Amino acid sequence: MTTRITHSAVETERLGERWGRAAQRGWVIGLSGDLGAGKTQLVKGLARGLGVTARVHSPTFTLVNEYPGGRLRLFHLDLYRLETRGQIIAAGLEEYLQPDGVTVIEWAERVNEELRMKNEEMRRQVRRVSIEVLNETERRITYEDSGA
Ligand SMILES: Nc1ncnc2c1ncn2[C@@H]1O[C@H](COP(=O)(O)OP(=O)(O)O)[C@@H](O)[C@H]1O
Ligand SMILES: [Mg+2]
């Protein structure tokens, strides 16, 4: 388990950028944290680190936004608007848990069980990240890797 305190949105983005540079095909990154914690900010950095130049914003009317054009394809899921686990699975979650590229999921705690199973059965690497708001500009970002 690793903990980082970031002191600005830019710093959080830079952390994501480092992850993007290190990312390997098949990675799944699960983000947890309240609204406004900085999940999307981290995804922006991740995209940049992968070399994706498109503007990143959370998918609104679909389960996923796909960003090609980087070193690896990035799949960005945001489960905020999907209410039940059944709804999330019906929307096609499974496909993105074995990405040909990298998947990042906002509100990943809603699919904890699926992430755990993926990790155990498929031996894919999963990074679970939790972002806590400390104050206006500071965030505590804790993460842990498991799997292959
Ligand atoms: N250290 C920090 N890390 C990330 N975001 C921060 C930080 N400090 C302030 N912010 C602000 O918090 C907000 C985070 O928004 P966003 O990334 O969309 O959150 P989420 O996706 O978790 O709802 C942004 O307005 C950002 O500028
Ligand atoms: Mg968000």
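## Ligand 1 and its surroundings

In this predicted model, 16 residues surround ligand 1, each with a heavy atom within 4 Å of it. The closest are Thr-12, Gly-36, Lys-39, Thr-40 and Thr-137. Residues are numbered from 1 along each chain as written, and chains are lettered from A and ligands numbered from 1 in written order. Local features need pLDDT of at least 70, side-chain atom pairs count only at pLDDT 80 or more, and totals for chains, interfaces and linings use all residues, while side-chain values use heavy atoms, without hydrogens and water.

The shell holds 3 nonpolar, 8 polar and 5 charged residues. Here Asp, Glu, Lys and Arg count as charged, and Gly counts as polar. Helix H1 (9–22) and helix H2 (39–50) each supply at least two shell residues. H2 gives the most, with 3 residues. Helices are DSSP runs (H or I) of at least four residues.

| Protein atom | Ligand 1 atom | Distance |
|---|---|---|
| Gly-38, backbone N or O | oxygen | 2.9 Å |
| Thr-40, polar side-chain atom | oxygen | 2.8 Å |
| Thr-137, backbone N or O | nitrogen | 2.9 Å |

Taken alone, ligand 1 exposes 570 Å², and the protein buries 74% of that. Areas come from the Shrake-Rupley method with a 1.4 Å probe.

Next, the charged pairs. Side chains of opposite charge can pair when their charged atoms come close. The count comes to 9 salt bridges (a side-chain nitrogen of Lys or Arg within 4 Å of a carboxyl oxygen of Asp or Glu). One of them joins Glu-17 and Arg-48, with the closest N and O atoms 3.5 Å apart. This pair links distant parts of the chain: Glu-17 is in helix H1 and Arg-48 in helix H2, 31 residues apart.

Conventions
A polar contact is a pair of N or O atoms within 3.5 Å; within protein, one must be able to donate a hydrogen and the other to accept it, and residues adjacent in sequence count only if both atoms are side-chain atoms.
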